[in-house]
Amino acid sequence: MSAQKKRNFQIEAFKHRVVVDPKYAEKTWTILEHAIKEIYNHNASGLSFEELYRNAYNMVLHKFGEKLYSGLVRTMTYHLMEISKSIEAAQGELFLEELNRKWAEHNKALQMIRDILMYMDRTFIPSTHKTPVHELGLNLWRDVVIHSSKTQSRLLDTLLELVLRERNGDVINRGLMRNIIKMLMELGSYVYQEDFEKHFLEVSADFYRCESQEFIESCDCGNYLKKAEGRLDEEMERVSHYLDAKSEAKITSVVEKEMIESHMNRLVHMESSGLVNMLVDDKYEDLGRMYNLFRRVQNGLVIVRDVMTSYIRDTGKHLVTDPERLRDPVDFVQRLLDMKDKYDKVISLAFNNDKTFQNALNSSFEYFINLNARSPEFISLFVDDKLRKGLRGVSEEDVEVVLDKVMMLFRYLQEKDVFEKYYKQHLAKRLLSGKTVSDDAERSLIVKLKTECGYQFTSKLEGMFTDMKTSQDTMHGFYTAVGPQLGDSPTLTVQVLTTGSWPTQPSVTCNLPAEIMWVCEKFKSYYLGTHTGRRLTWQTNMGTADLKTTFGKGQKHELNVSTYQMCVLMLFNNADRLTYKEIEQATEIPATDLKRCLQSLACVKGKNVLRKEPMSKDIVEDDTFFFNDKFTSKFFKVKIGTVVAQRESEPENLETRQRVEEDRKPQIEAAIVRIMKSRRVLDHNNIVAEVTKQLQARFLPNPVVIKKRIESLIEREFLERDKTDRKLYRYLA
């Protein structure tokens, strides 16, 4: 089968010339012009759109597109001039309604005209780069109607007048406003901005400038902020109802500038109602409003934060330096916690948990807590009070809350090692007197301290708990082994404390009663027999005793006393009357402790198991003491305690400080050696900076002390000075 030949087809132009009527263009345009007039006169129902479309199509086809386009421009311009006159003639409020009605009619007419001239729109106009029919209609409306000399300014004035009326509380026709503004936007964003928005923003700025001045003279801060917030909301609502969405940022910026930014300092410092008053009176709603408004303007929150920080620092400084407040350490710390709770609540409820405000609050607390050198001691005393009795009957969750608050204050301390010193002393007293509310609470706090400061900080504290547990086992073993030999001897409970773990106590002399001494010796021989290489030293200043006592008329009581008090009271088994000198000689208790001990036995109302002559609050060396036969109490068990966990006297505080300073020396030296070992050569200022950085978690070392420790290390040949530069140090291996 042979392959078929491929055939090509070609369409050729029509050979014969088509003769067109010379008056064809004129006649056809007359038909179309008549149709456009009819459309504008609302008589479009009688027109044949198909025929009109064909006429327009043929005109373009026969190269009469230019005549058609220019005729359209001329005819539309004429009709729009007529429309403009009718709009200008409208009086008062009818002006906008007439404009709106004519605009709607023009849009409808434009749609029909565009449909008729669709072919021209799609072929002739793109090829000649002319304006499309619809856009042409809008441009002519803009130039002939909106920008006519009588309409342009009248339209702007009318719109601005309506906005002003609405701002003053009148109800306006928002639907009409929306249509007119929409018309301006459809004519082009440039028309909307130049013919309306620019003037609207200028007038608004003037309006709010005057209004804010009027408000600030007559309102307090809270009410002013309410009005400013209300105006902002109104403007945003106005935009959503009838303005361009892009105008929102511009008009709110105007309100913010005139009502907030221009008056920020005056509002914050306003007498009797400014920021400080709001903080004092816990006005969370007003504070929240201030935060939300001020955050809108540049540096607004900086001003609020600075004023708040300044006030908190002044208040805190007054609190920690007020001599009255320092008398009660527990109340002192509670006030700090209450103050922190107060401002935490402000930041949470009013300031949106703003991190910058939280940081400012933290830095303020750190600043003023460390103004008082006794803050570490007082915080430890507060913990002691809570763990002795303050948390009795409180749920575990609430205990955790209190401990977390204590840890928060602890974090602010620069001298954490001072806190550790006091905390160890107070914990020792709690454990030895058995007065801790809950072992779980004690251990929980130690875990928190360990998390915060590391194992080294709490290792000795944990050792104290270990000793308490080991002592129980030791006592059980003692009574199992030696119990039968003791007979009716006093019952002894011994806590064996590891020297390194517990606060160092000077070994004090105290002559124990013979019956007690005998049991103590029995325990000592048992303990040293079961452990090798150990030495026992009795800490009589830390013990307690329960004494069965018979007063006049055979009245019996059980007295809970310290070891010192027991030694004093047991003397009265063999004497009715003893002088201070005799008691001191018999017991050999140090004078300060003995005076405190006798004071609690003879001078405390309701606990006075001894009588003193002459009767006075203070103990002097000429005093004489008698057993008080007439002592009565409604309780069988009577606790006669020396005051626990009291704040240190000035000499004691000074002594503790000196011990802390001594403890710091090896820590500073160790830090210097660590740094120099890794860096080999370093100048003085950099060593000081590095040491401070390494040790600031425990305390802030004094540069003078660091310099002395460097000198000491040079003497002991850990470091040497550079031969040429005396400020440069070298590490010696």
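1. Helix H1 (24-40) and helix H4 (94-116) each supply at least two residues of the lining of the largest cavity. Helices here are DSSP runs of H or I with at least four residues, strands are E runs of at least two, and both are numbered from the N terminus. The model is predicted: local features need pLDDT of at least 70, side-chain atom pairs count only at pLDDT 80 or more, and totals for chains, interfaces and linings use all residues. Residues are numbered from 1 along each chain as its sequence is written, and side-chain values use heavy atoms, with hydrogens and water left out.

2. The structure holds 1 cavity of 30 Å³ or more. The space in the largest cavity is about 30 Å³. Leu 32, Ile 36, Ile 113, Ile 116 and Leu 117 line the largest cavity. By class this lining has 5 nonpolar residues, no polar and no charged ones. (Ala, Val, Leu, Ile, Met, Phe, Trp, Tyr, Cys and Pro count as nonpolar, Asp, Glu, Lys and Arg as charged, and the others, Gly among them, as polar.) A cavity is a set of points, on a 1 Å grid over the protein atoms alone, where a 1.4 Å probe fits but cannot get out; a pocket is an open set with protein on both sides within 12 Å along at least five of seven lines; lining residues have an atom within 4 Å of a point. Grid points are joined across faces, edges and corners, and a volume is the space filled by probe spheres set on the points.

3. The second largest pocket has a volume of about 1600 Å³. It is lined by 48 residues, of which Thr 493, Val 494, Gln 495, Trp 538 and Gln 539 are the closest to its centre. Elements that each supply at least two lining residues include helix H22 (455-486), helix H23 (514-530), strand S1 (544-550) and strand S2 (556-562). The lining divides into 21 nonpolar, 21 polar and 6 charged residues.

4. Helix H24 (563-571) also supplies at least two residues of that pocket lining. H24 packs against helix H26 (residues 591-602) at an angle of about 70°, with the axes 10 Å apart. Axes are lines fitted to C-alpha atoms, for helices over the stretch in contact, and angles run from 0 to 180 degrees between N-to-C directions. H24 and H26 are therefore roughly perpendicular (65 to 115 degrees; under 35 is roughly parallel, over 145 roughly antiparallel, the rest oblique). On the H24 side, Tyr 564, Gln 565, Val 568 and Leu 569 make the contact, meaning heavy atoms within 4.5 Å. The residues of this contact divide into 7 nonpolar, 2 polar and 1 charged.

5. Helix H14 (residues 284-294) and helix H15 (residues 300-321) have axes that come within 8 Å and cross at roughly 140°. That makes H14 oblique to H15. Met 290, Tyr 291 and Phe 294 of H14 meet Gly 300, Leu 301 and Val 304 of H15. This contact has 5 nonpolar residues, 1 polar and no charged.

6. An open sheet is formed by 3 strands in the order S7-S9-S8, with antiparallel pairing (two strands pair if DSSP finds at least two bridges between them). Strand S7 (681-683) and strand S8 (719-721) stand at the edges with a single partner strand each, so one side of each is left without a neighbour in the sheet. The twist averages 30° from one strand to the next. Strand S9 (residues 728-731) is joined to S7 by 3 bridges. Helix H28 (residues 684-695) lies across S7 and S9, at about 95° to S7.
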